[in-house]
Amino acid sequence: MQLRESHCVTITMSCAIVGLSRCADYYQSKLPDDSVIVSVLSAITDRHLRWGLSQVF
């Protein structure tokens, strides 16, 4: 956003400069923050102390 405003470049050009895809520019998170996800993962790992990361997901 800053690149487009300060240098008047297109979305495609600004994404190419910083190395992102155009869909990353339009992405908006559905959750306001990750606290819900963190709390669920913490609850799972508290119950299953011997699980590794691959078994949580």
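Author: The accessible surface of the chain comes to about 5,200 Å², and 61% of that belongs to carbon and sulfur atoms. Accessible areas come from the Shrake-Rupley method with a 1.4 Å probe, and for residues only the protein chains shown count as cover. This is a predicted model, in which local features need pLDDT of at least 70, side-chain atom pairs count only at pLDDT 80 or more, and totals for chains, interfaces and linings use all residues. Residues are numbered from 1 along each chain as its sequence is written, and side-chain values use heavy atoms, with hydrogens and water left out.

Reader: What is the mean pLDDT of the chain?

Author: The mean pLDDT (the predictor's confidence in each residue, from 0 to 100) is 80, and 89% of the residues reach 70 or more. Where pLDDT is low, the predicted coordinates should not be read in detail.

Reader: What makes up the secondary structure of the chain?

Author: There are five helices and zero strands. Helices (H or I, at least four residues) and strands (E, at least two) are DSSP runs, numbered from the N terminus.

Reader: Why is Ser-14 called buried?

Author: Buried means under 20% relative accessible area, exposed over 50%, and partly exposed in between (1.4 Å probe, protein chains only). Ser-14 has a relative accessible area of 6%, and is therefore buried. Ser-14 lies in helix 2. Leaving aside neighbours within four places in sequence, Ser-14 is in contact (heavy atoms within 4.5 Å) with Leu-3, Arg-4 and Val-9. A polar atom of the Ser-14 side chain lies 3.0 Å from the backbone oxygen of Ile-11.

Reader: Why is Met-13 called partly exposed?

Author: The relative accessible area of Met-13 is 45%, so Met-13 is classed as partly exposed. Met-13 is found in helix 2 (residues 11-18).

Reader: Why does Cys-8 count as exposed?

Author: Cys-8 has 71% relative accessibility and therefore counts as exposed. Cys-8 is placed in the loop between helix 1 (2-7) and helix 2. Although not a glycine, Cys-8 has a positive phi of about 50°. Most residues other than glycine have a negative phi.

Terms used. A polar contact is a pair of N or O atoms within 3.5 Å; within protein, one must be able to donate a hydrogen and the other to accept it, and residues adjacent in sequence count only if both atoms are side-chain atoms.
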